[in-house]
Amino acid sequence: MVSRQHIRARTASLSVLLFYFVLTGCHSSPNNSAPTVAFSKVAAAYQESDDKTDITERDYKTDVIDGRVTGARPGQRIVLYAKTDGRWGLCRQSGQPFTNIEPDGRWKASVHLGIQYAALLVDPTYNPPEQTESVPIVGNGVVALAVVNGEGLARVLPSPKILNFSGYEWTTSSGPNFHAGGRNFFDSANVWTDARGALHLRISGSPGKWAAAEVKLTRSLGYGTYRFRVRDVSHLEPSALLTLITWDGVGTESTRRELDIELGRWGHLENSNVNYVVQPYYVPANFVAFRVPPGAYTHSFRWEPGQVVFSTVAGSGNTGGRVINRHVFTSGVPSPAGESVRIALYVFNRGPIPLKNENEVIVDKFEYLP
């Protein structure tokens with residue numbers, strides 16, 4: 001039989017343990033809760049203008065934005081982004097990428113106007129990209145984040161869509177973005193596949209109100225052979241450009257891991273109509289231009305460490321077609337990381353011959369060989 005004295009001792013021990021757990025829980029709860037970042041004051045929304053086509057015409061007005069952080073650790077700071085022209089741009093404070101957090105958890109900063117704004121709570125060692133197509137997610141130095149629309153009436157953009165082409169998943173670009181130093185508006189309605197699986201890209205609209213087309217592979221492929229079977233594009237107007245490229249959505253223009261096959265005449269009637277490029281294009285060893293006659297071609301590049309081999313072959317290119325051009329680049333060849341394939345048809349707005357009509361191209365097939 002259990003004695004009354006033993007019961008009282010056991011009850012006392014349980015009471016002490018219960019008190020300990022409650023006390024420990026009260027002290028540890030704030031430390032275990034996930035850090036948060038929030039906006040208190042949101043900046044105005046950047047009003048997109050359809051008539052601005054040059055990258056130098058963007059209006060870089062600024063506004064003040066502020067918010068509050070909970071659960072931040074010593075040394076953590078805020079990184080701010082504003083989204084304009086399809087990309088998130090870093091908002092620097094007196095040349096620095098970080099905004100300090102006050103002892104009470106509040107923060108305040110200046111941002112250039114955008115359609116949306118993002119605030120990231122980051123560790124002291126975090127290195128924020130200057131530009132990015134997607135907001136960095138939690139992890140790898142990002143502790144918490146918040147995204148908010150700008151105040152006021154911002155333009156409603158067409159929604160991107162997912163499609164399957166040549167056995168790969170692609171997403172369409174939508175809204176304004178800069179290509180080749182000029183601004184285009186991209187519409188998902190200008191991209192589709194037909195009953196045979198061929199990819200169609202169209203420039204639609206009218207002078208001054210063109211809408212372009214672009215698809216992006218949803219994953220990175222890295223080193224290997226990239227092959228594009230393209231139907232005749234000799235009908236394209238001088239200011240319509242078809243580009244078959246790899247491009248990294250994070251970084252700066254000099255770190256995009258960009259390899260280009262460019263089909264078009266850059267606004268000039270007598271220009272060459274095919275370019276091979278290892279960006280940056282202004283390095284003479286990184287650029288080759290030539291002309292091809294009307295017809296269907298297979299354009300490709302073989303990307304290897306320290307080398308990329310471009311080629312253009314008449315016809316399908318699968319069984320020994322006539323080689324029109326072949327060039328080996330060994331200067332400035334990037335290594336793979338976060339790049340993906342982009343296929344775009346857009347307007348080059350800086351040439352002497354403006355676009356007059358709608359244009360369309362068909363890409364029969366994309367192939368990748370490791």
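Reply: Pro280 is found in the loop between strand 20 (274–278) and strand 21 (287–290); helices (H or I, at least four residues) and strands (E, at least two) are DSSP runs, numbered from the N terminus. A cis peptide bond joins Gln279 to Pro280, with omega at about 10°.

Some conventions come before the rest. The model is predicted, so local features need a pLDDT of at least 70 and side-chain atom pairs count only at pLDDT 80 or more, whereas totals for chains, interfaces and linings use all residues. Residues are numbered from 1 along each chain as its sequence is written, and side-chain values use heavy atoms, with hydrogens and water left out.

The average pLDDT, the predictor's confidence in each residue from 0 to 100, is 87 for the protein, and 85% of the residues score at least 70. Over residues 1–30 the pLDDT falls below 50, and this stretch has one contact in the model beyond near neighbours in sequence; contact means heavy atoms within 4.5 Å.

Phi of Trp266 is near 55°, a positive value in a residue other than glycine. Trp266 has a relative accessible area of 17% and is therefore buried, where buried means under 20% relative accessible area, exposed over 50%, and partly exposed in between (1.4 Å probe, protein chains only). His268 lies in the loop between strand 19 and strand 20 and, at 36% relative accessible area, is partly exposed. Leaving aside neighbours within four places in sequence, His268 is in contact with Pro238, Pro352 and Ile353. His268 and Pro354 are 86 residues apart in sequence, with 9.5 Å from C-alpha to C-alpha.

A further loop, between strand 4 (87–90) and strand 5, contains Ser94. Phi of Ser94 is near 55°, a positive value in a residue other than glycine. Ser94 has a relative accessibility of 80% and so counts as exposed.

Seven strands form an open sheet in the order 13-14-26-16-22-23-24, with antiparallel pairing; two strands pair if DSSP finds at least two bridges between them. Strand 13 (191–193) and strand 24 (323–329) are at the edges with a single partner strand each, so one side of each is left without a neighbour in the sheet. The twist averages 20° from one strand to the next; axes are lines fitted to C-alpha atoms, for helices over the stretch in contact, and angles run from 0 to 180 degrees between N-to-C directions. Within this sheet, strand 16 (residues 224–230) runs antiparallel to strand 22 (residues 297–304) and is joined to it by seven bridges. The bridge partner of Thr225 is Arg302 in strand 22.

An open sheet of three strands, in the order 1-2-5, has antiparallel pairing. Here strand 1 (36–41) and strand 5 (106–112) are the edges, each with a single partner strand, so one side of each is left without a neighbour in the sheet. Strand 1 pairs with strand 2 (residues 62–70) over five bridges in the antiparallel sense, and Lys41 stands opposite Asp66 in strand 2.

Strand 9 (residues 162–165) pairs with strand 10 (residues 168–172) in the antiparallel sense over four bridges. In a regular strand the side chains alternate between the two faces of the sheet. Leu163 and Phe165 make up the covered face of strand 9, and Ile162 and Asn164 the uncovered one. Leu163 stands opposite Trp170 in strand 10. This hairpin has two residues between its strands, and Ser166 takes a positive phi near 55° there.

A nonpolar core is a set of buried Ala, Val, Leu, Ile, Met, Phe, Trp, Tyr and Cys residues joined through side-chain atoms within 4.5 Å. The largest has 46 residues, of which Trp170, Phe228, Ile343 and Phe366 touch the most other members. A second, separate core of 20 residues includes Val37, Leu80, Val111 and Leu121.

For the protein as a whole, the secondary structure comes to one helix and 26 strands. Of its 370 residues, 46% count as buried.
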